[in-house]
Amino acid sequence: SIIPDRAGEVSYAWNFGDGTFSTEQNPVHSYPAAGVYIVNLVLVTTASLEVVESSQTIVIKDPNATGIPVFFTDGSTVFTALINEDAPVVTPIGITTLDDSYGMAIDTVNDKLYMTDYNADKILVANLDGSDLHDFRTVAGGPDGITIDYDEEMIYWDTDDGIRRADMNNTDVNQFEDFATGQDDPEGVSIDPVTRFVFWNNYNDGGIWRKNADGTGEAQIIPSGGGGSTRVIGNRLYYDDFIASGDIHIKSADLDGGNIATVATTITRVVFALAYDEVNNKIYWGDRNIDTIMRANLDGSGAEPWHVGTNSPRGMVIGRE
């Protein structure tokens, strides 16, 4: 800050966010540990009696850190962090131009990220470091959730009224086929590679739906209040369920819809980030109104905040270590 001559003497109070302080005008400070720190400066003048305060967030990354990569978005920017023993250090990967993104899929074979953009009506693809961002499909029908079928090398996504799929190896941005139609705002499409069932969650009508990947056997298997996500983990299906405003539950069920169990409650908003860490056997979800990513054991025990501070987290995916 520039203080004019009329200000008189100026005192400086720095708080570096790691428990250390300085009263110098231009101090130099080193951080010994990686993390996210809020640096605060307060200026007080003797003649003009001004008090000026300013804060800035500083991200310190450990270039040698290892762990399981995580990707998620706030709707416009894609962020990454690592799951390890340290607190997550969240940084953008350079993709900041999404208009209204709710879903991501990670291709761990080819190291690619697929991202839906609802307002732009398209699906984009990029390398995991954010480079080579380009359109995968345009005029996509209002895409939100997205998943990969490795067996058939297909991408599935939900639209405003159905489910579509496209060949991952086809570069034609207009290529797709309708997989399910006549739905009322389906969300959170996922696929079980063992049974070849495709699942989705109906946002408006409610209910969890299932259909064979060969196009047969479409049926509602769980009546529910509606939600934004599904995720197959082992022989169980995880999904979010709208109970009441400000009270969203995450539940699990057998793949036929039976044996329903509640995993988490009092989530503030419909979930568009539901991911699985297979190394540590934990489920992650985004609680959008409180800007928090939570995690827990698969039965809901040990629930804790993993990251706090990113606005409206959604589209979360977890890669391989």
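Reply: We can start with valine 125, which lies in strand 10 (residues 122-127), where strands are DSSP runs of E with at least two residues and helices are runs of H or I with at least four, both numbered from the N terminus. This is a predicted model, in which local features need pLDDT of at least 70, side-chain atom pairs count only at pLDDT 80 or more, and totals for chains, interfaces and linings use all residues. Residues are numbered from 1 along each chain as its sequence is written, and side-chain values use heavy atoms, with hydrogens and water left out.

Me: Why is valine 125 called buried?

Reply: Valine 125 has a relative accessible area of 6%, and is therefore buried, since buried means under 20% relative accessible area, exposed over 50% and partly exposed in between (1.4 Å probe, protein chains only).

Me: Which residues is valine 125 in contact with, leaving aside its neighbours within four places in sequence?

Reply: Contact means heavy atoms within 4.5 Å, and valine 125 has such contacts with Lys112, Leu113, Tyr114, Met115, Asp132, Leu133, His134 and Phe136.

Me: What makes lysine 211 count as buried?

Reply: Its relative accessibility is 9%, so lysine 211 falls in the buried class. Lysine 211 belongs to strand 18 (residues 208-212), and, its neighbours within four places in sequence left aside, its contacts include Phe179, Ala180, Phe197 and Trp200. Lysine 211 and alanine 180 are 31 residues apart in sequence, while their C-alpha atoms are 8.4 Å apart in space.

Me: Why is aspartate 184 called partly exposed?

Reply: Aspartate 184 has a relative accessible area of 30%, and is therefore placed in the partly exposed class. Its place is the loop between strand 15 (177-180) and strand 16 (186-191).

Me: Which residues form the negative surface patch?

Reply: The negative patch is made up of Asp160, Asp161, Asp184 and Asp205.

Me: How many helices and strands does the protein have, and what percentage of its residues count as buried?

Reply: The secondary structure comes to zero helices and 28 strands, and 51% of the 321 residues count as buried. Among contacts between residues at least 6 apart in sequence, 39% join residues at least 24 apart. The C-alpha atoms fill a box of roughly 80 × 45 × 35 Å, taken along the principal axes.

Key: Patch = residues over 30% accessible without salt bridge, like charges linked within 9 Å, V, L, I, M, F, W, Y side chains within 5 Å. Areas by Shrake-Rupley, 256 points an atom, 1.4 Å probe, with all protein chains shown as cover. Salt bridge = Lys/Arg side-chain N within 4 Å of Asp/Glu carboxyl O. Lys, Arg positive; Asp, Glu negative; His and termini not counted. Charge placed at Lys NZ, Arg CZ, Asp CG, Glu CD.
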